[in-house]
Amino acid sequence: MTKNNNTAAIPKASIVTQEPTMDLALLAWSKSKPICEKNGTANYGSYSTLEDVIKCVDKAAAYGLTFVQENNFERDPHGNLDEFIITRMIHAATSTERVGRTLVKIKGAAIDNPQQMGSGITYAKRYGLQAMFGLASDDDGNLAAGDQSANNSVSSRKGKAIPKVSQSPNPFQ
């Protein structure tokens, strides 16, 4: 039997590095399981204030993600002026942006009330930011309306049982 000593043609395994993307950064951050504090109180329970959400989202900077929010105005088909909060998520490594907008809807006499307008802007900023970064939010609209079933889907730090949710296999884990 003849032994073949020709091993020069065997390539070494190459290391594959993946380019950083906004999606990968957001995935890595979400795997850290960010939870916003709940320092706001209302007659239906506690909730995350805008400051709580900003403090939570600021931790995404460790993954190269940040945000900016701004007000914008547009006329609707009837000529009424609508205000929107524009939320931009920015990925530092690629300068990629993801943009969303949330309508600030104030009706009736409250439209001339600066306090109500400020509350509407804060609400839109909070929910726009939570939606952009995929953070769970309390369904405080339903809770305020007395719908306690909405509270069953919200995780709480008070030791309440959280219903189990069946999950399909995640290809990213």
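Biologist: How many bridges join β4 to β5, and do they run parallel or antiparallel?
Modeller: This is a predicted model. In it, β4 (residues 81–91) and β5 (residues 96–104) are joined by nine bridges and run antiparallel.

Biologist: What stands opposite Ile90 in β5?
Modeller: Glu97 does.

Biologist: And the turn, how many residues sit between the two strands?
Modeller: Four residues lie between β4 and β5, which form a hairpin. Ser95 in that turn has a positive phi of about 60 degrees.

Biologist: Switching to helices. At what angle do α2 and α3 pack?
Modeller: The angle is about 30 degrees, and the axes are 9 Å apart. Angles under 35 degrees count as roughly parallel, so α2 is roughly parallel to α3.

Biologist: Left-handed or right-handed crossing?
Modeller: α2 passes α3 in a left-handed crossing.

Biologist: Which residues meet there?
Modeller: From α2, Leu50, Val53, Ile54 and Val57. They meet Thr122, Lys125, Arg126, Leu129, Gln130 and Phe133 in α3.

Biologist: Now the largest nonpolar core. Which members touch the most others?
Modeller: Val57, Leu65, Met89, Phe133 and Leu135, out of 16 residues. Two or more residues each come from α1 (22–31), α2 (50–58), β3 (65–75) and α3 (114–133). The largest share, four residues, is from α1.

Biologist: What does Leu135 touch, leaving out residues up to four places away in sequence?
Modeller: Trp29, Pro34, Cys36, Val53, Cys56, Val57 and Gln130.

Biologist: Which residues does the second core include?
Modeller: That core is separate and has five residues, among them Ile85, Val104, Ile106 and Ala124.

Terms used
Residues numbered from 1 in each chain as written. Predicted model: local features only at pLDDT ≥ 70, side-chain atom pairs only at ≥ 80, totals over all residues. Heavy atoms only, no water. Core = buried A, V, L, I, M, F, W, Y, C linked by side-chain atoms within 4.5 Å. Buried < 20%, exposed > 50% of the residue type's maximum accessible area, 1.4 Å probe, protein only. Contact = heavy atoms within 4.5 Å. Pairing = 2+ DSSP bridges. Axes fitted to C-alpha atoms, helices over the stretch in contact; angles between N-to-C directions. Parallel < 35°, antiparallel > 145°, perpendicular 65-115°, else oblique. Left-handed = near helix turned anticlockwise from the far one by under 90°.
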